[in-house]
Amino acid sequence: MKILMDNGHGLNTLGKRSPDGTLIEAAYTRKIGRIVSYLTDRGYDAELLVPEDEDISLSERVKRVNAISSSCPAQTGHLAPNVILISIHINTAGNGSKWTNATGWSVYTCKGQTASDHLADCLCQAAIKNFPGRRIRTDYSDGDHDWEENFYILRHSLCSAVLTENFFMDGLDFEFLQSKACKQAIVDTHIEGIIEYIESTQSDSILRNLTTT
């Protein structure tokens, strides 16, 4: 399975930083992008979608995702079965100019029931484990952990795709985000969630093959 890690925004993106300007989302997500090397060291096929420092448009990001997904085509109208995308972000509750009381980790999928929901669940369970005592923001209105939004990269990617918001850089999480423990926990959450998703989907595939032969 191909794992695509999308580090949100670019160093030249306006805003997208803490109110005091010391925490820049693009710089942070690029550090967290070392998830790719952790996964490749363990034998997984992982790739950083945006190796550039500058911002790359959402349409170009989706173009890159779908070029890879098209090499693993599924049935018409379905998502590529052997590609997943995780877009990594840091959240804000306001416009970035003022401090807020916001806190928490969350994961998003596009609207509707898709294969992305299972990937989101695996990541959320890993977050619950790795962030004890921290708020995990969930929306159970549709029976699962994730929030649903029509984010462009989720809506247009031809593979299972989720977006994680790793706490609030303008809120109560500001100091925690800068700690070594938080950075490692974010990395661990994504690695563990991705591996659980891959192993569980492979197990399901083996069971389906057994029952049809």
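Reader: Among contacts in the protein chain between residues at least 6 apart in sequence, what percentage join residues at least 24 apart?
Author: The share is 77%. A contact here means heavy atoms within 4.5 Å.

Reader: What kind of model is this, and how are residues numbered?
Author: This is a predicted model: local features need pLDDT of at least 70, side-chain atom pairs count only at pLDDT 80 or more, and totals for chains, interfaces and linings use all residues. Residues are numbered from 1 along each chain as its sequence is written, and side-chain values use heavy atoms, with hydrogens and water left out.

Reader: OK, how many helices and strands are in the protein chain?
Author: The protein chain has 7 helices and 6 strands. Both are DSSP runs numbered from the N terminus: helices are H or I with at least four residues, strands are E with at least two.

Reader: In what pattern do they come along the sequence?
Author: The order is β-α-α-β-α-β-β-α-β-α-β-α-α. The radius of gyration is 17 Å, close to the 17 Å that the globule rule gives for 213 residues, so the chain is as compact as a globular protein of that length. That radius is taken over C-alpha atoms, and the rule is 2.2 Å times the number of residues to the power 0.38.

Reader: What box do the C-alpha atoms fill?
Author: Roughly 60 × 35 × 35 Å, taken along the principal axes.

Reader: What percentage of the residues count as buried?
Author: Of the 213 residues, 48% do. Buried means under 20% relative accessible area, exposed means over 50%, and partly exposed is in between (1.4 Å probe, protein chains only).

Reader: Switching topic. How many aromatic pairs does the structure hold?
Author: It holds 5. Rings of Phe, Tyr and Trp (its six-membered ring) pair if their centres lie within 6.5 Å; planes under 30 degrees apart are stacked, over 60 edge-to-face, and the rest tilted. One of the pairs is Trp 99 with Phe 174, which is edge-to-face, at 4.8 Å centre to centre and 65° between the planes.

Reader: Where do Trp 99 and Phe 174 lie?
Author: Trp 99 is in the loop between strand S3 (80–91) and strand S4 (105–109), and Phe 174 is in helix H6 (residues 174–177), so the pair ties together parts that are 75 residues apart in sequence.

Reader: Is Phe 174 buried or exposed? And what about Trp 99?
Author: Phe 174 is buried, with a relative accessible area of 13%. Trp 99 counts as partly exposed, at 46% relative accessibility.

Reader: What about Phe 131 and Phe 176?
Author: Their ring centres are 6.3 Å apart and their planes are at 80°, so that pair is edge-to-face. Phe 131 sits in the loop between helix H4 (116–130) and strand S5 (147–148), and Phe 176 in helix H6, 45 residues apart. Both Phe 131 and Phe 176 are buried.

Reader: Which residues do ring pairs link into a cluster?
Author: Phe 131, Phe 167 and Phe 176.

Reader: Where is Phe 167, then?
Author: Phe 167 is in strand S6 (residues 159–168). Phe 167 counts as buried, at 0% relative accessibility. Its phi is near 75°, a positive value in a residue other than glycine.

Reader: And what is the phi of Lys 16?
Author: Lys 16 has a phi near 55°, also a positive value in a residue other than glycine. Lys 16 lies in the loop between strand S1 (2–7) and helix H1 (25–32). At 39% relative accessibility, Lys 16 counts as partly exposed.

Reader: On to H1. How many of its residues are buried?
Author: In H1, 6 of the 8 residues are buried, so the helix is largely enclosed by the rest of the structure. Among them are Tyr 28 and Ile 32.

Reader: Which residues is Ile 186 in contact with, leaving aside neighbours within four places in sequence?
Author: Ile 186 is in contact with Tyr 28, Ile 32, Phe 131, Asn 166 and Leu 177. Ile 186 is in helix H7 (residues 180–211) and counts as buried, at 0% relative accessibility. Ile 186 and Tyr 28 are 158 residues apart in sequence and 11 Å apart in space, C-alpha to C-alpha.

Reader: Last one. What does Phe 151 touch, not counting residues up to four places away in sequence?
Author: Phe 151 touches Tyr 108 and Leu 163. Phe 151 is in the loop between S5 and helix H5 (152–156). Phe 151 is partly exposed, with a relative accessible area of 29%.
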